[in-house]
Amino acid sequence: MFKGSGGGQSEINGFLDKGSRLSGELSFDASFRIDGNFNGKITSQGRLVVGEGGVVDGEIQVREVLVSGELRGNVKAGERIHITAGGRVFADLSTPSLLIEDGAVFEGRCSMNRGAGEPGVPKLVAADEG
C-alpha cells in the first residue's frame with residue numbers, strides 16, 4: 001500500500017516486477033505498479049505507477065499517472081500526471097494537471113483539458129473556495 005493523492009491508503013491491484021516483460025492489454029481497478037517492461041494498452045479508472053526501473057510504451061488512459069521510470073506513447077489522464085525528478089516521459093499527454101519535478105525529462109506535447117463540462121475532468125475551484 002502507498003499514500004494516495006488524497007492522503008488515504010491505496011490498494012495495489014497488481015505489480016510487474018523488475019526483470020519482467022509483458023505485452024498486450026492491461027486493465028485494473030485501483031492501482032498498478034510497473035517496475036519491469038510493459039508494451040501495449042493500459043486502461044483504468046485508477047492510478048498507474050511507473051517505478052524507477054519501469055519502462056512503459058503504449059496507449060494509456062487512466063485517472064492518474066506517477067512516473068519515476070520511463071514512459072513512451074500517448075497518455076490520457078483524467079486527473080493528473082506527475083513526473084518525478086528521475087522520471088523520463090517521451091509522449092503526448094492529455095490531462096487537466098501536470099506536475100514535473102526538477103530533474104525530470106519531458107519531451108512531447110501536452111494538452112491541458114481543464115474544461116469543467118468534459119467527462120472525467122474535475123471542475124476548477126478557486127484557492128479561496130476549496
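Student: Of the 23 residues in the largest nonpolar core, which touch the most other members?

Tutor: First, a caution: this is a predicted model, so local features need pLDDT of at least 70 and side-chain atom pairs count only at pLDDT 80 or more, while totals for chains, interfaces and linings use all residues. Residues are numbered from 1 along each chain as its sequence is written, and side-chain values use heavy atoms, with hydrogens and water left out. Now the general idea: in soluble globular proteins, nonpolar side chains tend to be buried together. A nonpolar core here is a set of buried Ala, Val, Leu, Ile, Met, Phe, Trp, Tyr and Cys residues joined through side-chain atoms within 4.5 Å. Buried means under 20% relative accessible area, exposed over 50%, and partly exposed in between (1.4 Å probe, protein chains only). In this case, the residues touching the most other members are Ile 34, Ile 42, Leu 48, Val 56, Ile 60, Leu 71 and Val 75. Strands S4 (21-28), S5 (31-34), S6 (37-44), S7 (47-50), S8 (55-67), S9 (70-83) and S10 (88-94) each supply at least two residues of this core.

Student: How many helices and strands does the chain have?

Tutor: Both are DSSP runs numbered from the N terminus: helices are H or I with at least four residues, strands are E with at least two. This chain has zero helices and 13 strands. Of its 130 residues, 39% count as buried.

Student: What is Val 75 in contact with, leaving aside its neighbours within four places in sequence?

Tutor: Contact means heavy atoms within 4.5 Å. With those neighbours set aside, Val 75 contacts Ile 60, Val 65, Ile 81, Ala 91, Asp 92, Leu 93 and Ser 94.

Student: And S7: which residues lie on one side and which on the other?

Tutor: Arg 47 and Val 49 are on one side, Leu 48 and Val 50 on the other, and all are buried, which leaves both faces of S7 covered. For its partners, recall that two strands pair if DSSP finds at least two bridges between them. S5 and S7 pair in the parallel sense over four bridges, with Ile 34 opposite Val 50. S7 and S8 also pair in the parallel sense over four bridges, and there Val 49 stands opposite Leu 66.

Student: Which residue forms a salt bridge with Arg 47?

Tutor: A salt bridge needs a side-chain nitrogen of Lys or Arg within 4 Å of a carboxyl oxygen of Asp or Glu. By this rule the count comes to eight. Arg 47 pairs with Glu 64, the closest N and O atoms being 3.4 Å apart. Arg 47 is in S7 and Glu 64 in S8, so the pair ties together parts 17 residues apart in sequence. Glu 64 also meets Arg 80 in a salt bridge (3.1 Å, N to O), linking S8 to S9 across 16 residues. Arg 47, Arg 63, Glu 64, Glu 79 and Arg 80 are linked in a network of salt bridges.

Student: Where is Glu 70 found?

Tutor: Glu 70 is in strand S9, and at 15% relative accessibility Glu 70 counts as buried. A polar contact (a pair of N or O atoms within 3.5 Å; within protein, one must be able to donate a hydrogen and the other to accept it, and residues adjacent in sequence count only if both atoms are side-chain atoms) of 2.7 Å joins the side chains of Glu 70 and Arg 72.
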